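Colleague: Could you walk me through this model before I start working with it? I would like to go over the loops and the helix packing with you.

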Amino acid sequence: MYQSTLDAPVNETTRVAQDDAVLNPNFYTTDFDAMDKVDVSLMRKEWDELIAEFRADPNKDHFKRNAEFDADFSHYSPQLKREFVDFLVSSVTAEFSGCILYAEIKKRVRNKDMRELFGFMSRDEGRHAGFINHTLNDFRVGVDLSFLTKAKKYRYFQPKFIYYATYLSEKIGYARYIHIYHNFAQRNPDKRFHPIFRWFENWCWDEFRHGEAFAVLMRSQPHTLRGVNKWWIKFFLNAVFTTMYVRDHARRPFFEAMGWDVDEFDRRVIRMTNDISKQVFPVVIDVDNERVWQLMERMHRNNQTLPALRRAGGIVNAVKEKLTLLDNGITFLKLLLTPGKENPLKPDFRSTPEAWLPDLRTPAPAAA
Ligand SMILES: [Fe+2]
Ligand SMILES: [Fe+2]
């Protein structure tokens, strides 16, 4: 369909998006009967306020391109082009993954509250995915979203796991986009190499609101936030943060092109997401404990060695690869066993994106 100007042809790009490797954005399915039975009456007031925000649709006209997108981007170095396209492909896959999960929940349940919420969120994610895909098309690269719907493997998560994982991915999405936006607005305006970044501010208001929806949902189901579930919450916090850390650190040049030191970016974003999550999670990560960062760094370094081992082949390297993966498993377990911070939940928990604007003039958190 598209003539690719990258080394990889278009079907290769779709294949990359289709790759179900642990670190790539995944597609999810859940127990629709259980979702149908969710009763949010404990948080009725907060719920209705939130639905009214979704209905008002403040970003209705935001995702429209202007003449800036007609600029010539052929001056990009091959590396920047590759890194940027890679970033867009993983973003579009994540947006689209949310879009189809939310659309599927809306389609499969009769519960009015769930239908409304997931209908609105699917609308937003569809817009986000479409907007990114348009930019990919400018680079003559396309991700075939309808093909992905059929070809990607779907992971089954029971509803509470969908809540934890999706809440975190929405809030971390907000934290990433707002940091990127403010970096270009405050610190490095000369490094904004593509107009799409100017859309990130309003865009991340949507992601913040999606996170709020899961916060209200979980607060309306208090059993999801008690007992053994605190361990699951800690698991998801660590899994989401580590995945981001390892993926971003493998893309250091892309962050440098934006004017970011990847360590600083990840520390700021993880810290912010962890803080935001105190609105709903009774336990959070102790990000002041340097050991947490050291363990994530170890997994990143392990991951850096894997491609060379795979390329080299042979029994010795295959064993080394297995040992490295085992070490990653053990390191993640250590992360899980590192004490978290207890967080008594407050009755007034709703938040706004404006409350979390990053102040990039404050010194960066210390590097590991
Ligand atoms: Fe989105
Ligand atoms: Fe979202």
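Colleague: Where does aspartate 57 lie?

Modeller: This is a predicted model, and in it aspartate 57 is found in the loop between α3 and α4.

Colleague: What is its phi, positive or negative?

Modeller: Aspartate 57 has a positive phi of about 50 degrees, although the residue is not a glycine. As background, most residues other than glycine have a negative phi.

Colleague: And is aspartate 57 buried, partly exposed or exposed?

Modeller: Aspartate 57 counts as partly exposed, because 13 other C-beta atoms lie within 10 Å, and that class falls between the limits of 20 or more for buried and 12 or fewer for exposed.

Colleague: What about arginine 140, what is its phi and where is it?

Modeller: Arginine 140 is not a glycine either, and its phi is positive, near 55 degrees; the residue sits in the loop between α5 and α6, the latter covering residues 145-151. With 13 other C-beta atoms within 10 Å, arginine 140 is partly exposed.

Colleague: Now α12. How far apart are its end C-alpha atoms, and what span should I expect?

Modeller: Helix α12 takes in the 23 residues 290-312, and at 1.5 Å a residue these should span 33 Å; the end C-alpha atoms are 34 Å apart, so the two values agree. After α12 comes glycine 313, which has a positive phi near 70 degrees.

Colleague: Which residues of α12 are buried, and what covers them?

Modeller: The buried residues in α12 are Val292, Trp293, Leu295, Met296 and Met299, and what covers the buried residues of this helix includes α9 (229-249) and α13 (315-337).

Colleague: How does α12 pack on α13, then, at what angle and distance?

Modeller: The axes of α12 and α13 come within 9 Å and cross at roughly 165 degrees, so α12 is roughly antiparallel to α13. Among the residues that make the contact are Val292, Leu295, Met299, Leu306 and Leu309 of α12, together with Thr324, Asn328, Phe332 and Leu335 of α13. α12 passes α13 in a left-handed crossing.

Colleague: And how do α9 and α13 sit, what angle is there and which hand?

Modeller: α9 and α13 pack at an angle of about 130 degrees with their axes 10 Å apart, and α9 is therefore oblique to α13. Lys234, Phe235, Asn238 and Thr242 of α9 make the contact with Phe332, Leu335 and Leu336 of α13. The crossing of α9 and α13 is right-handed.

Colleague: Back to loops for a moment. Where is valine 109, and what is it in contact with?

Modeller: Valine 109 is placed in the loop between α4 (78-108) and α5 (112-138). Leaving aside neighbours within four places in sequence, valine 109 is in contact with Phe32, Met35, Asp36, Met114 and Arg115. With 19 other C-beta atoms within 10 Å, valine 109 is partly exposed, since a residue counts as buried at 20 or more.

Colleague: What about proline 339, buried or exposed?

Modeller: Proline 339 is exposed, because 11 other C-beta atoms lie within 10 Å; this proline belongs to the loop between α13 and β4 (341-342).

Colleague: Last topic, the whole chain. How many helices and strands are there, and what is the radius of gyration?

Modeller: The protein chain has 13 helices and four strands. For 368 residues a compact globule would have a radius of gyration near 21 Å, and the chain has 20 Å, so the value agrees with that expectation. The C-alpha atoms fill a box of roughly 55 × 50 × 45 Å along the principal axes, and 35% of the 368 residues count as buried. Of the contacts between residues at least 6 apart in sequence, 83% join residues at least 24 apart.

Key:
Residues numbered from 1 in each chain as written. Chains lettered and ligands numbered in written order. Predicted model: local features only at pLDDT ≥ 70, side-chain atom pairs only at ≥ 80, totals over all residues. Helix = DSSP H or I, 4+ residues; strand = E, 2+ residues; numbered from the N terminus. Expected span 1.5 Å × (residues − 1). Contact = placed C-beta atoms within 7 Å. Rg over C-alpha atoms; globule rule 2.2 N^0.38 Å. Axes fitted to C-alpha atoms, helices over the stretch in contact; angles between N-to-C directions. Parallel < 35°, antiparallel > 145°, perpendicular 65-115°, else oblique. Left-handed = near helix turned anticlockwise from the far one by under 90°.
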